[in-house]
Amino acid sequence: MIYEGKQKIWSDYQKEIPDDHYFYVRSCIRQTFFPASEWAFLDITRNKLNKNIFETEHHTTCGGIAYHSDAIPQETVMTIIARQFALMHKYGYENYVCSCITSFGLYCETLESWREFPDLQNKIAENLKKATGLDFAKPKFLVHASDLMYKYKNLIAAQAKFKLVDKNTGKPLRVVEHIGCHYSKMFPSKGVGGAEYPYVLAGMIEAWGGEVVDYPERRHCCGFGFRQYFVQSNRGYSLANTHKKFESMEPYKPDMIITNCPGCPYFMDRWQYVIAETQGKTYGQNGHGIPVFTYEEVAGLVLGYNPWDLGLQTHQVGPEPVLDKMGIHYDPAKKYLGKNGKNIGKPDFVECIK
Amino acid sequence: MGKLYERLMKDYRIKEGLNACINCGTCTAICPAAEFYKYDPRQIVDTVQSQDDAEIEKLLKSDTIWYCGECMSCVTRCPRKNAPGLVVMALRSLSIDMGYFMESEKGRQQYVVSKDLCGNILNYGYCVYPRTFKYATHQEAGKVWKWEEEHMDDVYERLNANLDGEGPGAVRKIPQKDLDEIKKIFDITGGTDRVNAVKAAAEKRAKELGLTEEEYFNKIYTECNGAHLNH
């Protein structure tokens, strides 16, 4: 592709991301498996960057996982979403930032459906009033939390204590970026860089000193598949998709993976463990897997947060090779301690993968 | 034009997701499910746009419509701006409404996702909730999750979460008033009707098989006849 053509495509997929004043909603999967990532996001934006990011205890799931597992009808999920938006309005916000990619895609779909079918929007507004008494409202700006981190990438770089650079060689770490499917595959114009050249994570990697790894199955799904994971007999689907991605990226020898979807890091971390346990195969060096991180974890590491405050001890694939390369100091003896150094045991030793 | 086709056309996802399909098969080429299962989204969209009710009914009773992972990779690639993934979602909804989902092994699994996910939403306000995500049925979650489950309160406290606590924070306890509003939304939008319909069909089948609810749940949670895969 000629450079000018690529620049034109890129300019079509720029997205306006307000700098401040957001209503924040959590992710069911992110807060379950990576609660410290959501904590880090709020700590970084509020306390390091002095942004106004508001959260209320009254918001709930958007219902997206149940909807995409076909357990609830479209009208149900749309009314739950209307309730989330109404809470934003009630608390005086018009910018909406969500932690979940499934939610983000569904919000995009819902807003588009409401725009296209005003009768449907009216029906949902009536449902909302009847069920909750709340007034219908829509966000002026809808962004995913990774959009905001992308927006702030240079501010974070300016405060960086560590870089995505191998301190021993001086070379950039080789980073695979994995974008959640529902971020921009359905509505490319709603994501930074679109579906073909999503730049939301690549921008962070470059700003923080790393090198983005391209590989054939870069855009392939992690394999969550909703019902394909939640029902035990379907899980081969999920595993097979992750396996396909790792086989594809292996020859490019990535140091680490960074993701923006709540589920993807769980699947890409845990299925590496299963592949190691069942096939005896690991994708990193010397029996290690390839460590998988959320973008909040990576931002936290760059800013000098304690890896165990970021929850890296809850990964099945150990993050230590990346911490060592970045020159981050950590105390292995404190990895599995509870609050205030409380002894809360540690996971059983896993022989098949480090 | 048949009655099933007419009902499908009322679904907003069909209105948005189905223009004239040219049968190019790009969706099938990109589809993660088509690689794993005997699955061809091109054929599904073609059957729907044929308007042939007999063929649509076969589809609604088949395993086929349940193979999709709803990743929506097909949407990006379709040269006609179709969304086969949305068409599949409309088919699944109609299959449940008609009771046809009970005719296939994969369709019957709806009881599992309905019970687990809707149970979490109505009881806790979340689709996924740590205390109901068990290592025993998710051993791929690793020894680290086993440890987290055994020391859940301590681990979540260490990770700055607010497990079952008051006020904002990760995995907080959602106030009862808010859960009541979610339940009311379910009641007036068809959510409760769908949960009840899937449950009633499962209980009827369990009774026919002479199984308890728990035995039936475990059967459909683990059962796999081996004919689904795209070897």
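This is a predicted model: local features need pLDDT of at least 70, side-chain atom pairs count only at pLDDT 80 or more; totals for chains, interfaces and linings use all residues.
H10(B) passes H15(B) in a left-handed crossing.

**H10 and H15 of chain B**

H10(B) spans residues 110-124 and H15(B) residues 213-222. Their axes come within 9 Å and cross at roughly 115°. The two helices are therefore roughly perpendicular to each other. On H10(B), the contact is made by B:Tyr111, B:Val112, B:Lys115 and B:Asp116. H15(B) brings B:Glu213, B:Tyr216, B:Phe217, B:Ile220 and B:Tyr221. By class, this contact of H10(B) with H15(B) has six nonpolar and three charged residues, with no polar ones.

**H5 and H8 of chain B**

Helix H5 of chain B covers residues 41-50, and helix H8 of chain B covers residues 84-98. The axes come within 10 Å and cross at roughly 60°. That angle makes H5(B) oblique to H8(B). The crossing of H5(B) past H8(B) is left-handed. From H5(B), the contact draws on B:Pro41, B:Ile44, B:Val45 and B:Val48. From H8(B), the contact draws on B:Pro84, B:Val87, B:Val88 and B:Leu91. Sorted by class, the contact of H5(B) with H8(B) has eight nonpolar residues, no polar and no charged ones.

**H5 and H7 of chain A**

In chain A, the axes of H5(A) and H7(A) come within 9 Å. H7(A) runs over residues 118-132, and the crossing angle with H5(A) is roughly 70°. H5(A) and H7(A) are therefore roughly perpendicular to each other. H5(A) passes H7(A) in a right-handed crossing. The H5(A) side consists of A:Glu75, A:Met78, A:Thr79, A:Ala82, A:Arg83 and A:Ala86. These meet A:Leu120, A:Lys123, A:Ile124, A:Asn127, A:Leu128 and A:Thr132 in H7(A). By class, the contact of H5(A) with H7(A) has six nonpolar, three polar and three charged residues.

| Helix pair | Axes come within | Crossing angle |
|---|---|---|
| H10(B) and H15(B) | 9 Å | roughly 115° |
| H5(B) and H8(B) | 10 Å | roughly 60° |
| H5(A) and H7(A) | 9 Å | roughly 70° |

**Chain A against chain B**

The contact takes 93 residues from chain A and 87 residues from chain B. Between them the chains bury about 7800 Å², with 58% of that area on carbon and sulfur atoms. A:Asp70, A:Arg227 and A:Tyr237 supply 9% of the area that chain A buries against chain B. That is more than any other three residues.

**Salt bridges**

Side chains of opposite charge can pair when their charged atoms come close. Over all chains, the count comes to 43 salt bridges. Between chain A and chain B, the count is nine salt bridges. A:Arg83 forms a salt bridge with B:Asp178, and the closest N and O atoms are 2.7 Å apart. A:Arg83 lies in helix H5 (residues 74-90) of chain A and B:Asp178 in helix H13 (residues 176-189) of chain B, so the pair joins two chains. A:Arg83 is also one of the H5(A) residues that meet H7(A). A:Asp348 and B:Lys146 meet through their side chains in a salt bridge, at 3.1 Å from N to O.

Key: Residues are numbered from 1 along each chain as its sequence is written. Chains are lettered from A and ligands numbered from 1 in the order in which they are written. Side-chain values use heavy atoms; hydrogens and water are left out. Axes are lines fitted to C-alpha atoms, for helices over the stretch in contact, and angles run from 0 to 180 degrees between N-to-C directions. Helices (H or I, at least four residues) and strands (E, at least two) are DSSP runs, numbered from the N terminus. Angles under 35 degrees count as roughly parallel, over 145 as roughly antiparallel, 65 to 115 as roughly perpendicular and the rest as oblique. A crossing is left-handed if the near helix is turned anticlockwise from the far one by less than a right angle, and right-handed if clockwise. Contact means heavy atoms within 4.5 Å. Ala, Val, Leu, Ile, Met, Phe, Trp, Tyr, Cys and Pro count as nonpolar, Asp, Glu, Lys and Arg as charged, and the others, Gly among them, as polar. Buried area is the accessible area (1.4 Å probe) that two parts lose on being put together, summed over both. A salt bridge is a side-chain nitrogen of Lys or Arg within 4 Å of a carboxyl oxygen of Asp or Glu.
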